[in-house]
Amino acid sequence: MPIVKSSQIEKTVQLSGASLPHEFTEMIARYEHDREGLYEAGIEYSIRQCRDLIEHNVDGVHIYTMNDPLVAIRVHEGIKDLL
């Protein structure tokens, strides 16, 4: 799930008790007050993560876009050369 709003990650962590990678928490902190920057950074982070998984031969990747078709389009554009 590309994180494009800080409220998404806050709720997810609260409900799951999950820990987050350092690179990810740095991204969230860097764009804490920059909604548009977080949107872009979240998509780029997701693309990097998907590319890494696909390049390491995972069986599949499912992307939750939270009803934001632009996120789906952007992530697809970023990984389509590997599909």
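Mentor: Phe24, Met27 and Ile28 are the buried residues of helix α2 (residues 22–30).

Trainee: What puts them on the same side of α2?

Mentor: Their arc around the axis is only 95°, so they share one side of α2. The arc is taken from the directions that run from the helix axis to the C-beta atoms. The model is predicted: local features need pLDDT of at least 70, side-chain atom pairs count only at pLDDT 80 or more, and totals for chains, interfaces and linings use all residues. Residues are numbered from 1 along each chain as its sequence is written, and side-chain values use heavy atoms, without hydrogens and water.

Trainee: What makes a stretch a helix, and a residue buried or exposed?

Mentor: Helices are DSSP runs (H or I, at least four residues), numbered from the N terminus. Buried means under 20% relative accessible area, exposed over 50%, and partly exposed in between (1.4 Å probe, protein chains only).

Trainee: Why is Arg35 called exposed?

Mentor: Arg35, which lies in helix α3, has a relative accessible area of 72%. The cut-off is over 50%, so Arg35 counts as exposed. In α2, the face turned away from the buried side carries the exposed residues His22, Ala29 and Arg30.

Trainee: Which helices do the buried residues of α2 pack against?

Mentor: They pack against α1 (6–16) and α3 (35–55). Contact here means heavy atoms within 4.5 Å.

Trainee: How do you know how α2 runs relative to α3?

Mentor: Their axes come within 10 Å and cross at roughly 165°. That makes α2 roughly antiparallel to α3, because angles over 145 degrees count as roughly antiparallel (under 35 roughly parallel, 65 to 115 roughly perpendicular, the rest oblique). Axes are lines fitted to C-alpha atoms, for helices over the stretch in contact, and angles run from 0 to 180 degrees between N-to-C directions. On the α2 side, the contact is made by Glu23, Phe24, Met27 and Ile28, and on the α3 side by Leu38, Ala41, Gly42, Tyr45 and Arg48.

Trainee: Which residues make up the largest nonpolar core?

Mentor: Nine residues do: Val4, Tyr39, Ile43, Ile47, Cys50, Ile54, Val71, Val75 and Ile79. α3 gives the most to this core, with five residues. Another core of eight residues lies apart from it, and includes Ile9, Phe24, Leu38 and Tyr45.

Trainee: What makes a set of residues a nonpolar core?

Mentor: The members must be buried Ala, Val, Leu, Ile, Met, Phe, Trp, Tyr or Cys residues, joined through side-chain atoms within 4.5 Å.

Definitions and conventions:
Helix = DSSP H or I, 4+ residues; strand = E, 2+ residues; numbered from the N terminus.
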